[in-house]
Amino acid sequence: MDSLGEGHQRTLPLDRNRELLKTAREEIYKTVGDVSLPVYIWEPEADKAPPYPKSVAAFFFSSGWDNGQIAQFAPHCVYFASRGMMTMAFDYRIANRNKGGPLEAIADARSAIRWIRLNAVELGINPGKIVGVGGSGGAHAITSAALLSGFDDPADILDSSPAPNALVLFNPVLDTSKKGFGLDRFPDAGVAKDANLIRAIRPGLPPMLIMHGTADRVVPFGGTYEFARKASKKKNFCRLIEFEGQGHGFFNFNLSFEMYEATLMAMDEFFVELGFLEPDPDAGLGRAE
């Protein structure tokens, strides 16, 4: 790598994620008008797959509902497929690509979980072991599927639940008030209030693992802290891991292998704890290549 210029070194990790995306099977899970939304699917190798229907980790890339890369979580998908889960990276509508926004993202996340459940038999998965994983605006979208009612795509089969059975959230948008993030991205303040997840906390929510950097200048850490405190007070399982001094997107493979590995192993432990993955004493990444 020393022979490459500094600029090349910067672009290599993103290229790696895109290359990993090519190792997945692509399907269209939803069509809205002339927009077709793909899902990228990784299957575990036969020797890693459990003898019973598999758990699923469904990933929703980080966005401010304006831009984002569907390849972002490809390294996570490859890793958890190697551990025996089926993993999926879902595209959803965002402003810069297909005139989307927070409401379209919420509707698409709900459609995605329903698509998994409706195809559970063909996919060989357990429809009661679906984990929604998201970053930033993608985290808001998938958490909305568990906490909010309404916001559905009218074309969905509405008797299929859109709620994942567990959530893993990275620097999530949970507070859409003026203290939080994204108020100006909603059609009006009333809709933003309806989509404010701190206001939607109740007992009986899916177990949650939240990881957030305390120095995040994009999505304030305070909103996540308040959400976790209120969720726990309502007797929900909500584990918040604070990453001291870390900024927005600290967990990405192409920013810090150390942080990527730490957050990945926290996810692995969480999935084992829930019974979604078998324990593996050799689980881990070893050294960076």
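This is a predicted model: local features need pLDDT of at least 70, side-chain atom pairs count only at pLDDT 80 or more; totals for chains, interfaces and linings use all residues.
Is Cys238 buried or exposed in this model? At 13% relative accessibility, Cys238 counts as buried, where buried means under 20% relative accessible area, exposed over 50%, and partly exposed in between, with a 1.4 Å probe and protein chains only. Residues are numbered from 1 along each chain as its sequence is written, and side-chain values use heavy atoms, with hydrogens and water left out.

Here is a friendly tour, grouped by topic.

**Cysteines**

- Cys77 counts as buried too, at 0% relative accessibility.
- The disulfide count comes to 0, taking a disulfide as a pair of cysteine sulfur atoms within 2.5 Å.

**Helix H4 against helix H6**

- Helices (H or I, at least four residues) and strands (E, at least two) are DSSP runs, numbered from the N terminus.
- Helix H4 covers residues 102–118 and helix H6 covers residues 136–147; their axes come within 8 Å and cross at roughly 60°.
- That angle makes H4 oblique to H6; angles under 35 degrees count as roughly parallel, over 145 as roughly antiparallel, 65 to 115 as roughly perpendicular, and the rest as oblique.
- The axes here are lines fitted to C-alpha atoms, for helices over the stretch in contact, and angles run from 0 to 180 degrees between N-to-C directions.
- H4 and H6 cross in a right-handed sense: a crossing is right-handed if the near helix is turned clockwise from the far one by less than a right angle, and left-handed if anticlockwise.
- On the H4 side, Ala105, Ile106, Ala109, Arg110 and Ile113 meet His140, Ala141, Ile142, Ser144 and Ala145 of H6, with contact meaning heavy atoms within 4.5 Å.
- Sorted by class, this H4 and H6 contact has 7 nonpolar, 2 polar and 1 charged residues. Ala, Val, Leu, Ile, Met, Phe, Trp, Tyr, Cys and Pro count as nonpolar, Asp, Glu, Lys and Arg as charged, and the others, Gly among them, as polar.

**Helix H2 against helix H9**

- For helix H2 (residues 74–82) and helix H9 (residues 257–274), the axes come within 12 Å and cross at roughly 40°.
- H2 and H9 are therefore oblique to each other, and their crossing is right-handed.
- H2 brings Pro75, His76, Tyr79 and Phe80 to the contact, and H9 brings Tyr260, Leu264, Met265, Met267, Asp268 and Phe271.
- The residues in this contact of H2 with H9 divide into 8 nonpolar, 1 polar and 1 charged.

**Buried residues and their neighbours**

- Asp175 sits in the loop between strand S6 (166–170) and helix H7 (189–194), and Asp175 is buried, with a relative accessible area of 8%.
- Although Asp175 and Asn196 are 21 residues apart along the chain, their C-alpha atoms are separated by 5.4 Å.
- Not counting residues up to four places away in sequence, Asp175 touches Gly180, Phe181, Asn196, Ile198 and Gly223.
- Thr224 belongs to helix H8 (residues 221–233) and is buried, with a relative accessible area of 1%.
- Beyond its neighbours within four places in sequence, Thr224 is in contact with Pro172, Leu174, Ile210, His212 and Leu240.

**Lysines in loops**

- Lys99 lies in the loop between helix H3 (95–98) and H4, and its phi is near 55°, a positive value in a residue other than glycine.
- With a relative accessible area of 79%, Lys99 is exposed.
- Lys235 is found in the loop between H8 and strand S8 (238–243), and has a positive phi of about 70° although it is not a glycine.
- Lys235 counts as exposed, at 75% relative accessibility.
- Lys48 occupies the loop between strand S2 (35–42) and strand S3 (54–63), and counts as partly exposed at 42% relative accessibility.
- Leaving out residues up to four places away in sequence, Lys48 touches Ser82, Arg83 and Gly84.

**Asp194 in helix H7**

- Asp194 is in helix H7, and touches Leu148 and Phe151, not counting residues up to four places away in sequence.
- Asp194 and Ser144 are 50 residues apart along the chain, and their C-alpha atoms are separated by 10 Å.
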